[in-house]
Amino acid sequence: MKVSLRATYGIIAAVDLALHDAEQPVCAKSIAKRQAIPARFLEQVLHAMKKAGVVTSQRGAQGGYVLSRKPSELSVADILDALEGPLLSGNGEAGPKSTSARAAKQEALLAHMWDRVKRAELSVLSEVTVEELAMRQRALDAQHTLMYHI
């Protein structure tokens, strides 16, 4: 499975918002600085996430972004769907069109298997929530912090 940098940054931004979940919105520049993401690119990603309803925004000096749902209700699949489009496209529409009879047979032979792979990916991505990733990030941060105290 190929995941774009745009989607990766979207997931990281959602985790950052979950970690800094307060009543106040988090500005994109703060997320960009903490996560070492180019601020302009992150703004584009967050705008796309806003259009898809994954985050909401508030303008002004105290403005920024917040998750539109609880982190436990937002899956990685939701974010990928917002940034990359539907994860399950039609039957091989994205693949190259074959011209020979042999290639058509090969596609017919493998189509069911690739469909199963796509469905398995979607299942895993739908099960992993932003809350789960945020908890993992907290654990990683705690391990990193402990290393400094040794």
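Tutor: Helix axes here are lines fitted to C-alpha atoms over the stretch in contact, and the angle between two of them runs from 0 to 180 degrees between N-to-C directions. The model is predicted.

Student: At what angle do helix α1 and helix α2 pack, and how far apart are their axes?

Tutor: Helix α1 (residues 5–19) meets helix α2 (residues 28–35) at about 105°, and the axes are 10 Å apart.

Student: Why is α1 called roughly perpendicular to α2?

Tutor: The range for roughly perpendicular is 65 to 115 degrees. An angle of about 105° falls in that range, so α1 is roughly perpendicular to α2.

Student: Which residues make the contact?

Tutor: From α1 they are I12, A13, D16 and L17; from α2 they are I31, R34 and Q35. By class, four are nonpolar, one is polar and two are charged.

Student: What makes R34 and D16 a salt bridge?

Tutor: The cut-off is 4 Å between a side-chain nitrogen of Lys or Arg and a carboxyl oxygen of Asp or Glu. The closest N and O atoms of R34 and D16 are 2.6 Å apart, so the pair meets the criterion. The pair links distant parts of the chain, with R34 in helix α2 and D16 in helix α1, 18 residues apart.

Student: How does R34 count by relative accessibility, and why?

Tutor: The partly exposed class lies between the 20% limit for buried and the 50% limit for exposed. R34 has 39% relative accessibility, so R34 counts as partly exposed.

Student: How many salt bridges does a search of the whole structure find?

Tutor: The search finds three. D115 forms another with R119, at 3.1 Å.

Student: How do R69 and D78 count by relative accessible area?

Tutor: R69 has 33%, so R69 is partly exposed. D78 has 26%, so D78 is partly exposed as well.

Student: Why are D115 and R119 separated by about one helical turn?

Tutor: Because D115 and R119 are four residues apart in helix α5 (residues 101–127). D115 is partly exposed at 26%, and R119 is partly exposed at 47%.

Student: How do α4 and α5 pack, and what are they called as a result?

Tutor: The angle is about 115°, and the axes are 5 Å apart. The range 65 to 115 counts as roughly perpendicular, so α4 and α5 are roughly perpendicular to each other. The contact is made by V76, A77 and L80 of α4 with L122, L125 and S126 of α5. Five of these residues are nonpolar, one is polar and none is charged.

Student: How many residues has the largest nonpolar core, and which have the most contacts inside it?

Tutor: The core has 32 residues, and L46, M49, L67, I79 and V130 have the most contacts inside it. The elements giving two or more residues are α1, α2, α3 (39–51), β2 (64–67), α4 (76–84) and α6 (130–149). The largest share, eight residues, comes from α1.

Student: With which residues is M49 in contact?

Tutor: Leaving aside neighbours within four places in sequence, they are G10, A14, V54, V55, I79 and L83.

Student: What does the secondary structure of the protein come to?

Tutor: There are six helices and two strands, in the pattern α-α-α-β-β-α-α-α along the sequence. Of the 150 residues, 28% count as buried. Among contacts with a separation of 6 or more, 68% come from residues 24 or more positions apart.

Notes:
Residues are numbered from 1 along each chain as its sequence is written. This is a predicted model: local features need pLDDT of at least 70, side-chain atom pairs count only at pLDDT 80 or more; totals for chains, interfaces and linings use all residues. Side-chain values use heavy atoms; hydrogens and water are left out. Angles under 35 degrees count as roughly parallel, over 145 as roughly antiparallel, 65 to 115 as roughly perpendicular and the rest as oblique. Contact means heavy atoms within 4.5 Å. Ala, Val, Leu, Ile, Met, Phe, Trp, Tyr, Cys and Pro count as nonpolar, Asp, Glu, Lys and Arg as charged, and the others, Gly among them, as polar. A nonpolar core is a set of buried Ala, Val, Leu, Ile, Met, Phe, Trp, Tyr and Cys residues joined through side-chain atoms within 4.5 Å. Buried means under 20% relative accessible area, exposed over 50%, partly exposed in between (1.4 Å probe, protein chains only).
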